Amino acid sequence: MNELVNSLLVWAVTLTGYAEPPTTPKLEPIAKETLSSTLCEGKFCTAVAYYDAKTQTIYYDEKLNLKTSNRSRSFILHELVHHLQYQSSKVDANSTACKTRIKLEQEAYRVQRYFLLEHHEETLEIDLAINVLNGVC
Amino acid sequence: MLLRHLCLLTLLSLLAACSDHSSSNQDNVGFTEIKPVPKYLQNGMPELKDKETLSIADNITPSEWLLLRYQKTPEHDTQRTKAYYEALLTRIQAHVHENQRVIANRVVQMTNKLNENALPIDQEMLLVSFAKHLEQAKKEYVFGEIVDNYSNIRTMGLSHEAAMERLFELLEG
């Protein structure tokens, strides 16, 4: 698992240009229901992972197949980018300003997209997400 | 509004969940390798290009989008409002089959394409000229087609004004 996280971190650091973080985040598999209650107030929710900056932990759906699925791994990569953003002094990852939040989210999606492309995975949903983000603020 | 979009994004993050359960103490056994970062990304991701297409999912109007693009140009007129673009798009739309969003998309795409080929043009020149010439036209047109024809004429070496004159001579002749 550590090897996987390190490989994904190489992707995140290289593509974003952020400094290599002093610590790698913890990865914590959780039940889908826990994800839904945390992110979507218990309602139906298709979110599969999120980064908790306070504990420096990436919580992810325990059903993600991180062993072999590059699509599943791409979600961890996305959250690793958020970890780098919080560790970096270049950006204010705690900002609540709409444009800043969107910029940070877009960056994570773009890294995820390049990763999927390189692994010959479909990017339609990510393209759509990036497109939607463009018009949010 | 942001919350609504973030909810939408959450919905977009669809995942084909697999049966394999992972745990934080998994070792590296059975993990397939991840490809190294390709050469073209070794120095980071390319800059995010401005959008070339306004989608129906975007929550700005074509005129607002064109204004935002204009405001990024150097020495732009700070007094210009979206009404300027609304008026031009309305004048064009009256003579073509497409809606304002599609017209704006075609104008932006053509501006970028011609500039990439070192042919000077901006979105305002295209909008103003097409609005002017279409108002004098007797027929109704498919905007995408006449913009393509204009581009073909430009690549033959004609200036913007000469190309527009020639285009409408051919179309209306």
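## Sheet of chain A

In this predicted model, strand S3 (residues 57-61) of chain A runs antiparallel to S2(A), and four bridges join the two. Within this pairing, Ala49(A) has Tyr60(A) of S3(A) as its bridge partner.

The sheet to which these strands belong is open and consists of three strands in the order S1-S3-S2 (chain A), with mixed pairing. Strand S1 (26-30) and strand S2 (49-52) of chain A are the edge strands, each pairing on one side only. From one strand to the next, the twist averages 20 degrees.

## Helix across the sheet

Helix H3 (residues 70-87) of chain A lies across S1, S2 and S3 of chain A. Relative to S2(A), this helix runs at about 20 degrees.

## Helix pair of chain B

In chain B, helix H2 (residues 62-71) and helix H3 (residues 82-93) have axes that come within 8 Å and cross at roughly 125 degrees. Angles of 65 to 115 degrees count as roughly perpendicular and those over 145 as roughly antiparallel; H2(B) and H3(B) are therefore oblique to each other. The crossing of H2(B) past H3(B) is right-handed.

On the H2(B) side, the contact is made by Pro62(B), Ser63(B), Glu64(B), Leu66(B), Leu67(B) and Tyr70(B). H3(B) contributes Lys82(B), Tyr85(B), Glu86(B) and Leu89(B). Classified by residue type, the contact of H2(B) with H3(B) comprises six nonpolar, one polar and three charged residues.

Notes
Residues numbered from 1 in each chain as written. Chains lettered and ligands numbered in written order. Predicted model: local features only at pLDDT ≥ 70, side-chain atom pairs only at ≥ 80, totals over all residues. Heavy atoms only, no water. Axes fitted to C-alpha atoms, helices over the stretch in contact; angles between N-to-C directions. Parallel < 35°, antiparallel > 145°, perpendicular 65-115°, else oblique. Left-handed = near helix turned anticlockwise from the far one by under 90°. Contact = heavy atoms within 4.5 Å. Nonpolar A, V, L, I, M, F, W, Y, C, P; charged D, E, K, R; others polar. Pairing = 2+ DSSP bridges.
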